[in-house]
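Work through the exercises below with the sequence and the structure at hand. Each task is followed by a solution in steps.

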Amino acid sequence: MYSSRLDIGMSHKEFVHLHVHSEFSMLDGACRLDKLVDHAVELKFSALAITDHGVMHGVIDFYQQAKAKKLKPIIGCEVYIAPTSRFERKANSRTGKDGYNHLLLLAENHIGYHNLVKLTTAAHLEG
């Protein structure tokens with residue numbers, strides 16, 4: 001059994017966390033953005049993602065803090081996939097305890113960021 005990713009020949013600079021919940025993921029994350037970015041820099045990561053649960057509230061602060069520390073920010077969101085329609089609120093017993101699955105979405109560029117904002121806004125207003 002390996003005690004760390006370095007034991008298998010992977011350097012810190014090659015490793016990037018792509019599924020990270022911050023203080024903005026209600027009941028699912030407690031990492032403060034400033035401490036998260038500082039720790040990634042301490043570990044010599046070249047990049048780090050933020051993928052809060054269903055929200056994009058922390059991405060601008062995360063982006064600014066990461067850029068200030070020369071860390072590549074990767075913007076994303078963990079979204080819920082409704083079994084039928086986002087307007088229908090009943091559980092589906094085939095897909096788990098509450099009927100919803102998750103999907104991790106990462107923005108490749110500015111257009112992707114705007115698409116994530118549109119998706120999360122529609123989810124909050126309509127779903």
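**Exercise 1. Order of elements**

Task: State in which order the elements of the chain run from the N terminus on.

Solution. Begin at the N terminus and follow the chain: the elements run α-β-α-β-β-α. That makes three helices and three strands. Helices (H or I, at least four residues) and strands (E, at least two) are DSSP runs, numbered from the N terminus. This is a predicted model, in which local features need pLDDT of at least 70 and side-chain atom pairs count only at pLDDT 80 or more, while totals for chains, interfaces and linings use all residues. Residues are numbered from 1 along each chain as its sequence is written, and side-chain values use heavy atoms, with hydrogens and water left out.

**Exercise 2. The sheet**

Task: Give the order of the strands in the sheet and say how they pair.

Solution. Step one is the order: three strands form an open sheet, β1-β2-β3, with mixed pairing. Two strands count as paired if DSSP finds at least two bridges between them. The edge strands, each pairing on one side only, are β1 (47–53) and β3 (101–106). On average, neighbouring strands of this sheet are turned by 25° against each other, direction ignored.

Step two takes the pairs in turn. Strands of a sheet pair through backbone hydrogen bonds, either parallel or antiparallel. β1 and β2 pair in the parallel sense, over seven bridges, and Ile50 stands opposite Ile75 in β2. Strand β2 (residues 72–81) pairs with β3 in the antiparallel sense over six bridges. Here Tyr80 is opposite His102 in β3.

**Exercise 3. Strand β1**

Solution. Start from the cut-offs: buried means under 20% relative accessible area, exposed over 50%, and partly exposed in between (1.4 Å probe, protein chains only). In a regular strand the side chains alternate between the two faces of the sheet. On one side of β1, Ala47, Ala49, Thr51 and His53 are buried. For the chain of 127 residues, 29% count as buried.

**Exercise 4. Salt bridges**

Task: Find how many salt bridges the structure has, and which side chains meet in them.

Solution. The criterion is a side-chain nitrogen of Lys or Arg within 4 Å of a carboxyl oxygen of Asp or Glu. A search of the whole structure with it finds two.

- Arg32 and Asp34 meet at 3.4 Å, N to O. Arg32 is partly exposed because its relative accessibility is 45%, and Asp34 is partly exposed at 30%.
- Lys69 and Asp38 meet at 2.7 Å, N to O. Lys69 lies in the loop between α2 and β2 and Asp38 in helix α1, so the pair ties together parts that are 31 residues apart in sequence. Lys69 is partly exposed at 41% relative accessibility, as is Asp38 at 33%.

**Exercise 5. Positive phi**

Task: Say where Lys44 and Lys70 lie and give the phi of each.

Solution. Most residues other than glycine have a negative phi, and most peptide bonds are trans. Lys44 is in the loop between α1 and β1, and its phi is near 65°, a positive value. With 56% relative accessibility, Lys44 counts as exposed. Lys70 is in the loop between α2 and β2, and its phi is also positive, near 65°. Lys70 is exposed, at 75% relative accessible area.

Technical notes:
Axes fitted to C-alpha atoms, helices over the stretch in contact; angles between N-to-C directions.
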